[in-house]
Amino acid sequence: MSWFKRKTKGITTTTNEKKDIPKGLWYKSPTGKIVDTDELEENFYVSPEDGYHVRIGSKEYFEILFDDNTFKELDANLTSKDPLKFEDTKKYPDRLKAAQDKTNLKDAVRTGVGKSKGKDIVIACMDFSFIGGSMGSVVGEKIARAANYSIKNKIPLMIISKSGGARMMEAALSLMQLAKTSVKLAQLADAGIPYISLCTDPTTGGTTASFAMLGDINISEPGALIGFAGPRIVRDTTGKELPEGFQTAEFLLEHGFLDFITHRKELKNKVNLYIDLITNQPIRA
C-alpha cells in the first residue's frame, strides 16, 4: 500500500526537472489517427495508418523534389504593392507584413531551379499559409518569370498548386494573372518544353481556372480538393445535390480532368518518369 501513500512530506520538483511533453510531438489526422511528428516527416508528411496527406509548403516540397535539397531560388525578394489602396479590417500592406512575419515568406509562391534525379528542373510551389495561397500580382509574375527561365534554358517546369483562388485585395489585377500565366505556358508549349502540374489540397478558384489545369501532365495527391467554386455555391447555382466525392482528386480522375494520382513518397520518381517519357529520353532509374 506504500505505493498509494506519501511517506515523505514536502516533496518538491524543480521546474528544470519537470518532464513536460514538447508541443507538436504528435499529429492527429482528420480521421483520428495519431502519429509521431518525426515518423510523419520520415513518411513524407503522410499519415502511415490512413494515407492522409498533410498539407505542406514549398520548404517541404523542395526537400522532397530537389536532389539533396539543393536549389537556387528565383526572384526571392519580389513583393506585392498596394495600387488599389485596399482596406478591409486591415490595410493591405499591414496584412502582407503580418503574413510575411508569420510565415517567413515574401508571398504565396516560391520558385527555384535545381537538379531532380540528376537533371535540371524549375519548380514553382505555392504556400497556403500565406493568405490562403491566394494568387496576386507577385504569384503571376513569379510563375511567368519561372516559365521564361525554363524557355531560355530549355528546362522542364513544374508548378505545385495550393490555393484558395485569386487575391481579393488586388481585385482585377489578380484576375489578370490567369491570362498572364496561361500565355506563358502556351509559349512554353510552343518551345516544346514539358510542364508538369501538381494539384494539392486545396486547388481552387482562379488557380484551377488557369495554370493548374494546363499541364502536359496533370497530377494530384490523393484526396486533394480541386475545383473552381466551392460545393455550396455549385449546389445553390445548379439546384442539384452533388455526387459523392465531388471535387476530390479521385472524382476528377474518374471524369478525365486528371491524368494520375500520385502518392507523395513516389512524387519525385513519377514526375521525372513523366518528363523522360514526354521528352523521349532514357528513363532514369
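This is a predicted model: local features need pLDDT of at least 70, side-chain atom pairs count only at pLDDT 80 or more; totals for chains, interfaces and linings use all residues.
Of the 285 residues, 42% count as buried, and residues 24 or more positions apart account for 66% of the contacts with a separation of 6 or more. The accessible surface comes to about 15,700 Å², of which 54% belongs to carbon and sulfur atoms. As for charge, the chain carries 40 positive and 37 negative side chains, and the centres of these two sets lie 5 Å apart.

The largest pocket has a volume of about 300 Å³ and is lined by 17 residues, of which Tyr45, Arg55, Ile56, Gly57 and Glu60 lie nearest its centre. Helix H1 (37-42) and helix H2 (58-65) each supply at least two residues of this lining.

Most residues other than glycine have a negative phi, and most peptide bonds are trans. Against that background, a cis peptide bond joins Asp201 and Pro202, with omega of about -5°, and Pro202 lies in strand E7 (residues 195-203). Two residues other than glycine with a positive phi are set out below.

| Residue | Phi | Loop between | Relative accessible area |
|---|---|---|---|
| Asn104 | about 60° | helix H3 (92-103) and strand E4 (109-116) | 71% |

Technical notes:
Residues are numbered from 1 along each chain as its sequence is written. Side-chain values use heavy atoms; hydrogens and water are left out. Buried means under 20% relative accessible area, exposed over 50%, partly exposed in between (1.4 Å probe, protein chains only). Contact means heavy atoms within 4.5 Å. Accessible areas come from the Shrake-Rupley method with a 1.4 Å probe; for residues, only the protein chains shown count as cover. Lys and Arg count as positive and Asp and Glu as negative; His and the chain ends are not counted. The place of a charge is taken as NZ of Lys, CZ of Arg, CG of Asp or CD of Glu. On a 1 Å grid over the protein atoms alone, a cavity is a set of points where a 1.4 Å probe fits but cannot get out, and a pocket is an open set with protein on both sides within 12 Å along at least five of seven lines; lining residues have an atom within 4 Å of a point. Grid points are joined across faces, edges and corners, and a volume is the space filled by probe spheres set on the points. Helices (H or I, at least four residues) and strands (E, at least two) are DSSP runs, numbered from the N terminus.
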